[in-house]
Amino acid sequence: MKHIQTVNQPTLQLTKNSGGCGECQASCQSACKTSCTVGNQVCESKK
Amino acid sequence: MNREMQKKIHKFVQNGMYILLDINSGAVHVIDEMIYDIMDYFDGKNDAEVTVLLAGKYPEAELQEALSELHALMELQQLFAPDIDVPPTFKQQGLVKSLCLMIAQDCNLRCRYCFGDGGSYGQARAVMSPETGCKAVDFLIEASGPRKHCEMDFFGGEPLMNMQTVKAVTEYVRRREKETGKEFKLTLTTNGMLLNEENIQWLNDNEFSLVLSLDGRREIHDAMRPDVGGRGSYDRAVKNFRSCLESRRGGEYDYRGVYTYLRGTYTKNNLDFTKDVLSMNDAGFDILSMEPVVLKDSPLGFTEADLPRISAEYDRLTEAYLKRHREGRGFFFFHFNMDLSNGPCVAKRLSGCGAGHEYFAVAENGDLYPCHQFVGREKYRLGSLDEGVTDKKWPQYFRESHVLNKGKCRDCWARFFCSGGCHANADLFHGDIRQPYEVGCEIQKKRLECAIAVQAVLKLEK
C-alpha cells in the first residue's frame, strides 16, 4: 500500500471467543509494581 | 457520516508519525497525512462524501487511491473491526493465581510519597511469621485449582527486614512445587539497603525476580527516599544494585522468566524525569521503569494542570529512548515494551490486574485484601488465611469491574491496553473502583501512544 503501512498482525478478534486459560502473569497496574498492564504483556501460550 | 464508526478507531500524531489504531482488532497502521484527514470523516460507506469534503486539499485520484486502501483494511478486519463483548471463556469466577505477601509491614526508609505509611499501612509495625507465610502457600495451591503457574510477590515495607520468613516460605514453596506439580514464580521488591553478598547469592540461587527501587538522579532520589535517620539512600542503593546486577550477568539467571529491573517514581519535583531515566541508564542499569506518583491532596502529586508538561516529557523520553537505540546503546523501558502481534487474549484484557479475584494480598497477620494497596482499608478485608474468603461480594464485584462494565472505560480507545486502570487508585480518588482516576488515565494514554509509536518505529526501521 502507498498510504498505509500496517505494523502488526493483530489477534484481538481471534480471541474474542477463546483464550482465558489464565496461565499468564498477573498484571498489577500499581506503580510500585511497575504498572505491568495487559498492553505490556505477551500471551503465555505464544511464548 | 456515521459518528459511531469514529468510536472504533483512535488516531494520533507521535514523534512526527501519523498513527491509526483500530481498537477492536488491535491493528496499528502508520498512515500519511491524507489518510489522517480522511479518518475525520470516513465511516466505511461514504466515499463520495469524503471526496467532496477533502477535494480542496487533495487531488481526487489520490483520494480514491487512499479510500481503496482503507476498504482493503476493512476486508481484512483491520479497520472498523466488530465490537468485542465478554468472551464465553471469561469465567464467572476467577481462580486466585497470585499472592502478594506483606513480609514486613515495616521499612528502613521513609520515602516521602509512600502510600503504605512508611511500610506500616496505617497499622502497628510488624513482620509476617514463617507460619503465616507457609499457610499462604497452601492457600494459593488450593485456590489456584488446575492452574499450573502461581506467583508470589514478597513485598512490604521492606521484605529483606524479615529474611527468616522469606527463606522459610521459599523452601516451603519449592517442596510443595514437587508435591503438586505447580510452578511458582517468585518476585521480591526491595529498596536495596539490606542487599549484601550473601542474600544476593541466595536470591539468585532461588530464582527470584527482583524489583529494585531507584528514583534516578542522586539529588532526586535522596530528597524522596531518606532513611529513618533522614539520610539519603542513593549511594547505598546504587552500590548494592550494581553488585546484584553484576552477579546476575551472563544469562545464567535468565530462565524461568527471572527478571531484574530498576523502577523509579517521579513526582511534581521532577517533571523532567527523562533525565532520571537516562541517569539510571548512565549508572549502568538497562532494564528500567519510571512511574508517576499517585497521591491525593499532596504537593508531590499531580493534577490535570500538570498533564501538558507530563505529556511533553514523554515525548522527550520517547526521543531519547529511540536515539540511544539507534546509537546501539538502547535500554529496555518497561512501558514502551509491547508486543502488538502476540498480546494477551480478550479474557485477559478484561480480567486485568486480577485484584480481588485472581490476585490477593496477605497482610502480615494473615488477613486477605484485594491487593497490597488495599491493605489497611478495612472495608475491603476479604477474610483471612484461617477463615478463607468470607466476603463473597467483593471478589465478584472486582471480577465484574472490567472495562466493558465501567462507563468511562467502555468507549475509551485504550480499554484493551490498560484494562481499566488501578482499582486502588480509583478507590483512593473516588471511593469507587468503577470510577477511574482520571489523571492516571491521561498519563496512561499518553504512555501508550508513545509505546505504540516506539514499536512502529522499531518495526519500520528493522
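Start by selecting helix H6 (residues 197–205) and helix H8 (residues 234–248) of chain B: their axes come within 10 Å and cross at roughly 40°. Axes here are lines fitted to C-alpha atoms, for helices over the stretch in contact, and angles run from 0 to 180 degrees between N-to-C directions. Helices (H or I, at least four residues) and strands (E, at least two) are DSSP runs, numbered from the N terminus. H6(B) and H8(B) are therefore oblique to each other; angles under 35 degrees count as roughly parallel, over 145 as roughly antiparallel, 65 to 115 as roughly perpendicular and the rest as oblique.

Now show side chains. Glu197(B), Ile200(B) and Asn204(B) of H6(B) meet Ser243(B), Cys244(B), Ser247(B) and Arg248(B) of H8(B), contact being C-beta atoms, placed from the backbone, within 7 Å. That set splits into two nonpolar, three polar and two charged residues. For the classes, Ala, Val, Leu, Ile, Met, Phe, Trp, Tyr, Cys and Pro count as nonpolar, Asp, Glu, Lys and Arg as charged, and the others, Gly among them, as polar.

A word on the model before moving on: it is predicted, local features need pLDDT of at least 70, side-chain atom pairs count only at pLDDT 80 or more, and totals for chains, interfaces and linings use all residues. Residues are numbered from 1 along each chain as its sequence is written, while chains are lettered from A and ligands numbered from 1 in the order in which they are written.

Next, colour chain B by domain: domain 1 (3–83), domain 2 (98–336) and domain 3 (402–462), with bounds from an automatic or database domain assignment. The C-alpha centres of domains 1 and 3 of chain B are 23 Å apart. Their contact draws 12 residues from domain 1 of chain B and nine from domain 3 of chain B. On the domain 1 side, strands E1 (9–14), E2 (17–22) and E3 (27–31) of chain B each give two or more residues.

You get an open, antiparallel four-strand sheet in the order E1(A)-E3(B)-E2(B)-E1(B), where strands pair if DSSP finds at least two bridges between them. Its edges are E1 of chain A and E1 of chain B. Three bridges join E1(A) to E3(B), and Ile4(A) stands opposite Ile31(B). Five bridges link E2(B) to E3(B), where Leu20(B) faces His29(B).

Last stop: select helix H16 (residues 438–461) of chain B, which lies across this sheet at about 110° to E2(B).

Note on methods: Contact = placed C-beta atoms within 7 Å.
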